[in-house]
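Let's take a walk through the fold together, strand by strand and helix by helix. Please keep the viewer open as you read.

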Amino acid sequence: MKYYIIAGEASGDLHGSNLMKAIFEEDVTADIRFWGGDLMQNVGGTLVSHYKERAFMGFFEVIKNLSKVLQFIKFCKEDIAKFKPDVIVFIDNSGFNLRIAKWAKQQGFKTNYYISPQVWASRAGRVEDIKRDIDNMFVILPFEKDFYKQYNYEVTFVGHPLIDAIADRTQVDIWDFRNEHNLDERPIIAILPGSRKQEITKMLAVMLSIIDDFKEFQFVIAGAPSQDFSFYKQIIGNKNVAYINNKTYDLLSVSHAALVASGTATLETALFKVPQVVCYKGGFISYQIAKRIITLKFISLVNLIMDKEVVTELIQNDFTKSNLKNELLKILEPNQRKKLFLDYYDLETKLGGKGASKKTANLIVNSLKTNS
């Protein structure tokens, strides 16, 4: 069978790679062509476009690069038409993927979506487009099934693929990790400022501003694979902070606390049982637009899944040096840490067990076999 998979950022690359592994187990002669990243490329198949080429964040940033986006959409359609896949699998990345899905459905291609667009957060009207254009939707958050049910659209909850990704990783010895990266014996506070230039630029400087107030800890920046160190260095300056590229999971596994940019990383941090402060600051225009269309009580996946404030969120104007310092002090206190740990265990239970990638691959492949 021929599979065309479209993922658009680092998290999509991770989940896409695990899905591809599971597809190859189910269909050993699978021919996979994909838009993704290094992790997907390491599994096999043919890489068409790397997500680094398309890393635009926020409404204003997308508009600025609109001509590039339209070129990618045009090329993607042409490439799919030439490849003639048995199924297209969209992974998250809704702005791009839903446009391709509309065209693909009109052309008669089978369309599957793994990791739903966040229609429950904003612009719920997109559900009607999804119902029209997507044959099968595989969701990873427990509340999504009930959300879609309100619109008479049956979706399949497969569990969260992060549980697999974290469970399957090689365990790290903390002292080996410290020695390898020239870290000292002080407890580690991880800094996860995001993966896109816009969010790193907006948040890293504030995160670094509190370092001198916590000299009994060492701060370590989790560098994103999509960015070079030279970019971070411009912001770091002469701050006493370590930098480790593309080893976020290893870093979280040995960290005492973390400052985390809103996004998938908040959930990853929670699954590693690391107390965290969630941070978000966007461009003024993008934030003003988002504020008017997003209808959620929270922005972090941890709080959304638990439907209560488990981790503190410092958003836009609340994301200041003084607030960040105060919130970090709180999560270093033993009683608050104990409460967080208990909530984190409840969170993992809600997400279901291992096997999201395997379940999804099995459903996709068996659907093709049934219809062939």
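The sections below cover the sheets and then the helix pairs of this predicted model.

## The seven-stranded sheet

Start with the sheet whose strands line up in the order β3-β2-β1-β4-β5-β6-β7. It is an open sheet of 7 strands, and the pairing is parallel. Which strands stand at the edges? They are β3, covering residues 46-50, and β7, covering 156-157. Each has a single partner strand, so one side of each is left without a neighbour in the sheet.

Further in, β1 (residues 2-7) runs parallel to β4 (residues 87-91), and 5 bridges join the two. To find this pairing on screen, look for Y4, which stands opposite I88 in β4.

## The six-stranded sheet

There is also an open sheet of 6 strands, again with parallel pairing. Reading across it gives the order β10-β9-β8-β11-β12-β13. Here the edge strands are β10 and β13 (312-315), each of which pairs on one side only. From one strand to the next, the twist averages 20°.

Two of the pairings are worth a visit. Strand β9 (residues 218-223) and strand β10 (residues 242-245) run parallel and are joined by 4 bridges, with I221 standing opposite Y243 in β10. Between these strands the chain passes through helix α11 (residues 229-236), and this β-α-β crossover is right-handed. Elsewhere in the sheet, 4 bridges link β11 (residues 257-261) with β12 (residues 276-280), which also run parallel. In that pairing V260 is opposite V278 in β12.

## Helix α5 and its two partners

Helix α5 (residues 94-106) packs with α6 and with α4. Take α4 (residues 66-83) to begin with: its axis and that of α5 come within 10 Å and cross at roughly 45°. That makes α4 oblique to α5, and the crossing is right-handed. On the α4 side the contact uses F72, I73, C76, K77, I80 and A81, which meet F96, R99, I100 and W103 in α5. By class, this contact has 8 nonpolar residues, no polar ones and 2 charged ones.

Now turn to α6 (residues 126-133), whose axis comes within 9 Å of the α5 axis, with a crossing of roughly 40°. These helices are therefore oblique to each other as well. What is the handedness of the crossing of α5 and α6? That crossing is left-handed. The residues that meet are S94, L98, A101, K102 and K105 from α5, and R126, I130, R132 and D133 from α6. They divide into 3 nonpolar, 1 polar and 5 charged.

## Helices α10 and α11

Which residues make the contact? From α10 come K197, I200, T201, L204, A205 and L208, while α11 supplies F231, Y232, I235 and I236. Sorted by class, the contact of α10 with α11 has 8 nonpolar, 1 polar and 1 charged residues.

Looking back, the model has an open sheet of 7 strands and an open sheet of 6 strands, with parallel pairing in the former and in the latter.

Key:
Residues numbered from 1 in each chain as written. Predicted model: local features only at pLDDT ≥ 70, side-chain atom pairs only at ≥ 80, totals over all residues. Heavy atoms only, no water. Axes fitted to C-alpha atoms, helices over the stretch in contact; angles between N-to-C directions. Parallel < 35°, antiparallel > 145°, perpendicular 65-115°, else oblique. Left-handed = near helix turned anticlockwise from the far one by under 90°. Contact = heavy atoms within 4.5 Å. Nonpolar A, V, L, I, M, F, W, Y, C, P; charged D, E, K, R; others polar. Pairing = 2+ DSSP bridges. Right-handed = clockwise from strand over helix to strand, strands pointing away.
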